[in-house]
Amino acid sequence: MSDELQKGLEGVLVTESELSYIDGDAGELVYRGYDIADLAHGASYEEVLYLLWHGELPDAEELAAFSEEMAAERAVSDSVMATVRDTAEADEVPMAALRSAVSQTSASDPDADAEDPTDREANLRKGRRITAKIPTILAAFARIRDGKEPVEPREDLDHAENFLYMLNGEAPDDVLADVFDQALVLHADHGINASTFSAMVTASTLADLHSAVTSAIGTLSGSLHGGANANVMRMLQEVDDSDKDPVNWVDDALDRGDRIMGFGHRVYNVKDPRAKILSERSAELGDAAGTPKWHDYSVAIEEYMAEEKGLAPNVDFYSASTYYQMGIPVDIYTPIFAMSRVGGWVAHVLEQYEDNRLIRPRARYVGEQDLEFPGVDER
């Protein structure tokens, strides 16, 4: 047993996985052998879910059946909707509201009391239900908070289209639907990141899938993990409000010791391959809407950070302007991240259950030793 200390478990191998491969030096991301660019341009989010959960791409018949099963699970119980309404009216933080509602979905899940928490078929059914219901929960929260009534899900729309429909009250055009579906594909999995590891740790105790996903949502809510995309957009808005050139704004921020959001990654040493794809879509949306400034700001900042700091953008940097130009509220960017990443969480929990060992690391004790215990009158 090694006594070498690795803060944050950086570089420590904790498991073997068939789900996603990352080459941080080459800027590559692969899901089960398929390059992320090929999946982003050729596969739907439902196809990627099937790939992650079943180990292979579905044929047309399998995809149709899987999509229908997903769509049929979108509605949430009255008790879950009551929780959504209560949190929205109390102006709860969106990720906290999502965490509470997702946890509560177990109460109405017919497989929640499965005798064996590792039962793969039961967990696949639970995974479909959780994944299908998160968009309904999130869209309802956003609408109720804005004084609007929730929109019932439609089973004739795909996963991405249905969310935008429930959020805005009207079906999206083909471009918006395609961009959003692509964003879901890009965020579906990314190795053993913090939230995925959190789900695995929970599952390793033989807690159920709902508990594992709830743990992951809580972990994703932190600003060092899932919150960065919203902070990138807030930064771009500050640039716009300042009337400064983006490079001058960044210079001033760096002089103040501020961190420029959306740069650097624990794994990638070059530009995140997902950022490359979303940069293209951000530019496309900006040109179509006549508001190219958000993408222009981003490009100027990216080029300056590469030249001055040797840093490349991560996926959050361009997902921010992409979502903003789709009319999505900034503070639900991180819940949207969860809406996509739940596919990876479920897949990793399934892997964990298949070859489970309780995850139990050690800490090096650096506190006091051999102290004499004083009675209460002597303290």
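Glu73, Asp109, Asp111, Arg125 and Arg129 are linked in a network of salt bridges. A salt bridge here is a side-chain nitrogen of Lys or Arg within 4 Å of a carboxyl oxygen of Asp or Glu. By this rule the count comes to 17. This is a predicted model, in which local features need pLDDT of at least 70 and side-chain atom pairs count only at pLDDT 80 or more, while totals for chains, interfaces and linings use all residues. Residues are numbered from 1 along each chain as its sequence is written, and side-chain values use heavy atoms, with hydrogens and water left out.

Other salt bridges can be taken pair by pair. Arg274 and Asp272 form one, with the closest N and O atoms 2.7 Å apart. Both Arg274 and Asp272 are buried. Buried means under 20% relative accessible area, exposed means over 50%, and partly exposed lies in between (1.4 Å probe, protein chains only). Lys244 meets Asp252 at 2.5 Å, N to O. Lys244 is partly exposed at 38%, and Asp252 is partly exposed at 28%.

Glu18 bridges to Arg32, with 3.6 Å between the closest N and O atoms. This pair links distant parts of the chain: Glu18 sits in the segment before β1, Arg32 in the loop between β2 and β3, 14 residues apart. Helices (H or I, at least four residues) and strands (E, at least two) are DSSP runs, numbered from the N terminus. Glu18 is exposed, at 62% relative accessibility. Arg32 is partly exposed, at 21%.

Strands pair if DSSP finds at least two bridges between them. β2 (residues 28-31) and β3 pair over two bridges. Within this region, Val30 stands opposite Asp35 in β3.

Phe180 touches several residues, among them Phe163, Tyr323, Ile328 and Met339, not counting residues up to four places away in sequence. Contact means heavy atoms within 4.5 Å.

Now turn to helix α9 (residues 194-204). Nine of its eleven residues are buried, so α9 is largely enclosed by the rest of the structure. The buried residues include Phe197, Met200 and Thr202. Their cover includes α10 (209-220) and α16. After α9 comes Leu206, with a positive phi near 70 degrees.

Leu9, Val12, Val14 and Ile192 make a nonpolar patch of about 280 Å². Leu9 lies in the segment before β1 (20-23) and is partly exposed, at 36% relative accessibility. Asp255 is found in helix α12 (residues 246-255). Asp255 is exposed, at 66%. Asp255 and Ala183 are 72 residues apart in sequence and 33 Å apart in space, C-alpha to C-alpha.

How values were computed. Patch = residues over 30% accessible without salt bridge, like charges linked within 9 Å, V, L, I, M, F, W, Y side chains within 5 Å. Areas by Shrake-Rupley, 256 points an atom, 1.4 Å probe, with all protein chains shown as cover.
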